[in-house]
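Hi,

Here is the structure I promised to send over.

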Amino acid sequence: MSLRKDKGITRFIAPLVLGNMLNPLNSTMLATAIVAILVSFKQNTGAGALLIVPLYFTSAIAQPLMGRLCDIFSPYKINLFGFFVILISAFIGVYAQDFSWLVVSRILLGLGTSTAYPSSMTLIKRRYQALNMDVPGVTLSLIATSAQVSMALGPFLGGVLVESFGWKGIFFVNIPMVVIALLLSISKKEAVLVEKGDAQKSPLEIFKDLDPLGVVLFSGFLMFLLVTLLYPAYLYIKIPVMLTVLFAFVKAELYHKKPFIDIRVLRVNTLLNTTFLRQTGMTFVMYSVLYSLGQWMEQAKNISPSSVGLILLPLSLAAIGMSLLLSNNKNYVLLLSIGVALTIGTSLGMLFLNKESPIYAIMALTIVLGASIGILTIANQLTLLAVAPADQVGVSSGLYRTVGYIGAILAGSAIKHSFKDGATDAGLHALGFYSLIACISIVLFMLPLYYKKRSLSN
């Protein structure tokens, strides 16, 4: 059945699309607002990582947890819960009188936006099951495209909002978006279709199903990783403790019937493991370049936030354009190769930028980055579907998002150390060097794919 014959689809899908836009939008809007925030609260440039990292840290933990809650309870209610948490985070951000409250706002924002994807997928699946219909491909495409478009447009929108309303604009913009989403939220009649789960279980059974030990151990591992990266002192204590917690987490998850993060999919699957490692490296490069360029242009070149947003606009257009152009291309090995080559070019380009560099050179670099983002978004998804076992695509997709957040956390910590004395040319070059190292690792992790392709051709 087509979407035209599916009555109520517009109202059903609209709030889900808005919800999935908020995490990537708030991720990249910060790129052109972070300098204004740091100046307002008299923080050094390295402190910007304290606004970047919490969103991804919370998302890495909350997204798989919210997915589990959607299975146990009503995905409709989990979706609404997320909107209300985002609304609270927005008001905290707008009225924050201290830098620490902005960090709290970003943590809550990560929690609220983490409900969007798992609740959307569950709602869509249950709705069409109840209607005895196959899920239309265009419905899933709308969810994926909305996230990508909002991520790409974030720097431009952030610059415009900061220039027009000050840094509080990037927090305030969430309020009307959430209100609209709540007003459009599915009706009670639609909610009946998706109101099912395991809520009939006892509280103790539900508690066990949530795998609290796995949640605590994974959170502890990420916390030790974060502290180690941001504050690299007493490493002889932190690293052994972090590895011990990681070992305990892996062991606990292997023996749990319904693990918080099912790492069993990693067993003897080189292609899937290297896909996750490539995704970590790719998100590291993407966010390192995206966040650092915005800060560097504002501080080293004294460019206004709105102008920075305009300079980064071609990045957005290139990302969207490449995604649309290559959306039907299924040759993921070729797409990965082209995307990684462009990413290497971006990293090399950063090494040659300085405060005297012309604007057109910076714009050319952002176009290359945008093209690589657009290509790799499609290539990574195709690769995941190709190498993940058919009965483990859902679990693999969850892990794929989690390792992406870890890559973003690594990027935030690298920016903190590189820009500790300000967004200087030297700091930008250091990040370019780190990105180049990440690119080399990505190429190495592509070798199993090339080997597989060669074996099949023979």
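Asn302 is exposed, because its relative accessible area is 65% (exposed is over 50% relative accessible area, buried under 20%, partly exposed in between, with a 1.4 Å probe and protein chains only). The residue sits in the loop between H14 and helix H15 (305-325); helices here are DSSP runs of H or I with at least four residues, strands are runs of E with at least two, and both are numbered from the N terminus. The phi of Asn302 is near 55°, a positive value in a residue other than glycine. Tyr234 also has a phi near 55°, again positive and again not in a glycine. You'll find Tyr234 in the loop between H12 and H13, and with 56% relative accessibility it counts as exposed.

Before going further, a word on what you're looking at: this is a predicted model, in which local features need pLDDT of at least 70 and side-chain atom pairs count only at pLDDT 80 or more, while totals for chains, interfaces and linings use all residues. Residues are numbered from 1 along each chain as its sequence is written, and side-chain values use heavy atoms, with hydrogens and water left out.

On confidence, the mean pLDDT of the protein is 85, and 91% of the residues reach at least 70 (pLDDT is the predictor's confidence in each residue, from 0 to 100).

Now for two buried residues. Asn79 belongs to helix H4 (residues 75-94) and is buried, given its relative accessible area of 6%. What does its side chain make a polar contact with? The partner is the side chain of Ser119, at 2.9 Å (a polar contact is a pair of N or O atoms within 3.5 Å; within protein, one must be able to donate a hydrogen and the other to accept it, and residues adjacent in sequence count only if both atoms are side-chain atoms). Setting aside residues up to four places away in sequence, Asn79 touches Leu16, Thr115, Ala116, Ser119, Ser120 and Leu123, where contact means heavy atoms within 4.5 Å.

Leu51, in helix H3 (residues 49-72), is buried too, with a relative accessible area of 1%. Beyond its neighbours within four places in sequence, its contacts include Phe99, Leu102, Val103 and Arg106. The C-alpha atoms of Leu51 and Arg106 are separated by 6.6 Å, though the two residues are 55 apart along the chain. Phe99, Leu102, Val103 and Arg106 are among the buried residues of H5.

I also checked the length of that helix. For H16 (residues 332-352), the 21 residues should span 30 Å, and the 31 Å between its end C-alpha atoms agrees. Buried residues in H16 include Tyr332, Gly339, Thr343 and Met350.

Happy to hear what you make of it.

Best wishes

Definitions and conventions: Expected span 1.5 Å × (residues − 1).
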